[in-house]
Amino acid sequence: MDRVGRVIKKILTSYEFYFSVLIIYYEIFFHMLKFSFSFKNIFTLMLFSVCYGTVLGFIASLLPKKGRVIYTIIVSFVLYFYFIAHLIYNYVFNSFLSLSGVGDVAGQALDFRNVVFKALLTKIVIVLLWLLPILFYIIFGRKLLNKERHKLLTYGYEALFYAIFTFYIFLFLSMGDNGYNSAYHVFKNYDSVDLSIEKLGIVESVVLDTKYAAKSALGFEKQSADFADENGFDPDYVPAPVNPATVSDASAGDSMAKGDEEPTTEETTEEPVDTSPNILDVDFDKIDAEAGNGNITAINEYLRTAQTTHKNEYTGMFEGYNLIFVCAEGFNGYVVSETTTPTLYKMMHKGFYFTNYYTPLWYGSTSGGEYANLTGLLPRSGGYLSMNKLGSIGAYMPFTLGNQSKRAGYNVFAFHDNDYTYYKRHISHPYLGYDNWTGVGNGLPFETNSNGRQLWPQSDLFMEQNTFDLYKDQEPFHVYYMTVSGHLPYTYSSNSMSVKHKDYVENMPYSESTRAYIACQYELELMMKALLDDLEKEGIADHTLIVLVPDHVPYNNKSIVDELAGKTLDNTFGWYKNAFILYSPSMEHRTIVTKYCMSLDVLPTVSNLMGFKYDSRMLAGQDVMSTNEGLVILNDGSFITDSCRYNAGTGEVTGNVDDSYIDYYKNVCKNKRSVSDAILVNNYYKYIEEYIEEPETDEEDESDEEDSDDEEEDSDEKDDSDDHDDEKEEDEE
């Protein structure tokens, strides 16, 4: 017994035990703050904590006494500050920090110094509690912990223990669920930093993150092309057709904006329409043979059987129209009202009115949301920002509205009222079709206050006033605006747009932060009013389509959205409900769309309305006006369809569906993530470049007409040369 007691005492006074307990303390504390309780998740992160605590303690035992103390204090504080960084980053951005992607978002965090300071004050109790174990070591631990180095045999035991323990962790993870949201899948693939932290813990996530960053730096970056069988439960499964324009009292009652009129229906005479699939004539076998790449083959295999969307009565509804696309910073549909924002209200309710549109919060916030809007692909959930990756590899992106418009002969413009290099957009956006990407610093003037200091954020209205003349005479044109007036923080001390419109919102029955939010979003209202007025003045409003979508919800201020909604929205689904504006002044009546849809659907929906040719199999989003079942994919693996809601965190299903239905959509969501990442990283679209149809130009048309005229003239010469000369003179006149 004495021998057993000595062994136990030796373990309890070892540095391996100290570091294991320290990491367990941080991991469980953080997990209980951010996630619902799951015994399996808690047990998993405890296993990893012991694993890495043993490694850190093993290193400490190799050092001399003084070096061991210094090492322990330094490592303890590194762990402490890293957990604090995760806590604050999550508080600010409502997502988690990826170490390998920190360079892409560091500047973003520095822009929010006031918000970060507020977060530290808000979390001060946790910040102090997390200091306790380090203070304990500094005061008592140096005396209590074993000061002697291990014997050589002890190191052997530890190495054997570590090997067995690591094998046990892998065995434990592989037991049971191996689906997309499982700990095993995250451990093997590391394609979501949020899921990794929830399922495995922060320390294991940073290890996986470091491995990924090293592989990327050495050119061995994993290029995911792993797809699940979507038809596992029914090979002949086809989602039930949905009428996208169905109007009902229930859907209207779920309106986001106040004062919505009672919907009405009008009988229309149905005419035969083209319902062929929206796909390109791609020879996948030829691509396989020429590429000689396993990942390309896997992507092709998936695309061969991927679900398509079909053309419909809305296809080409706005063909030839000017197209203005607005990505609105921090915009949320609950801010729209008939009295406060009448222009936005009119656009939302008089055009296509989407009652169930969602804006998931992607990794990288604005960058992720903008990427989803513009590419129709799911942004990666950690490791790198997809938009930055697009620019760094020079990805060929034929289906973006910028590139589709250019192929159709449009004049293309793009503007941003913030630094034109922010998020490295000056590198990425030319590949999206916006060659003349213009922002503050390369052509767009910035607005200053009375002291000559540059305003933050800048004015969306000011941007419209300084850009409209550049394209008004360049029809047909496509203009992309990335706004900034709606940027946080929503305070009168740090937001120039909130200050600008403080008087306008002063008497509204909301808290100060909510009034400040409405005030800065009012600048977007003024921009859209000026834009519509200018289009009308130039006589081009009736053949212009305006698209307005948010980049993300106001992620740091859920309380604001709750207050505007008049209820507490749930964190999994309701928090991300938003607005999608599709409007043209030429529309005589609105179309209410009740199908569930999301930011990924914007590109294919607008492409179909504009009559652009694209391949619906090669986008993660889908045309909302098609008959396919609606789908919303949330960043944590949860999803919504027209039939149910699935909460990945709790496993709860709302809706009358069976397990096979849920399994099917789990696989659909996994595949959309996999194909999105694989298409980008492998620059897949370059393999289909020869299948992208180039429309006939006016010169080609004129050439054809001239050839036809020449043939007719030759025929006329044979019959009567005098008549031919007369016709030629008439043609010249």
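This is a predicted model: local features need pLDDT of at least 70, side-chain atom pairs count only at pLDDT 80 or more; totals for chains, interfaces and linings use all residues.
**Stop 1**

**Stop 2: Arg304 and Asp288**

Stay on helix H14 and select Asp288, then Arg304. These two residues make a salt bridge whose closest N and O atoms are 3.2 Å apart. Asp288 is in helix H14 and Arg304 in helix H15 (residues 294-305), so the pair ties together parts that are 16 residues apart in sequence. The relative accessible area of Asp288 is 18%, so Asp288 is buried under the 20% cut-off. Arg304, at 29%, is partly exposed.

Together with Asp288 and Arg304, they are linked in a network of salt bridges.

**Stop 3: Asp615 and Arg617**

Move to Asp615 and Arg617. The closest N and O atoms of this salt bridge are 2.7 Å apart. Both Asp615 and Arg617 are buried. Over the model, the count of salt bridges comes to 14.

**Stop 4: a nonpolar patch**

A nonpolar patch here includes Ile124, Val125, Leu128, Phe136 and Leu144. The accessible area of the patch is about 920 Å² in total. Helix H7 (124-129) and helix H8 (132-144) each supply at least two of the patch residues. Helix H8 gives the most, with 6 residues. Leu128 is found in helix H7.

**Stop 5: the largest cavity**

How many cavities of 30 Å³ or more does a search of the whole structure find? The search finds 6. For the largest one, select Gln307, Ala620, Gln622, Val668 and Lys672, which lie nearest its centre among the 23 lining residues. The volume of this largest cavity is about 300 Å³. Its lining divides into 11 nonpolar, 7 polar and 5 charged residues. To finish, select helix H28, which gives the most to the lining of the largest cavity, with 5 residues.

How values were computed: Residues are numbered from 1 along each chain as its sequence is written. Side-chain values use heavy atoms; hydrogens and water are left out. A salt bridge is a side-chain nitrogen of Lys or Arg within 4 Å of a carboxyl oxygen of Asp or Glu. Helices (H or I, at least four residues) and strands (E, at least two) are DSSP runs, numbered from the N terminus. Buried means under 20% relative accessible area, exposed over 50%, partly exposed in between (1.4 Å probe, protein chains only). Patches are made of residues with over 30% relative accessible area and no salt bridge: like charges are joined within 9 Å, nonpolar side chains (Val, Leu, Ile, Met, Phe, Trp, Tyr) within 5 Å. Accessible areas come from the Shrake-Rupley method with a 1.4 Å probe; for residues, only the protein chains shown count as cover. On a 1 Å grid over the protein atoms alone, a cavity is a set of points where a 1.4 Å probe fits but cannot get out, and a pocket is an open set with protein on both sides within 12 Å along at least five of seven lines; lining residues have an atom within 4 Å of a point. Grid points are joined across faces, edges and corners, and a volume is the space filled by probe spheres set on the points. Ala, Val, Leu, Ile, Met, Phe, Trp, Tyr, Cys and Pro count as nonpolar, Asp, Glu, Lys and Arg as charged, and the others, Gly among them, as polar.
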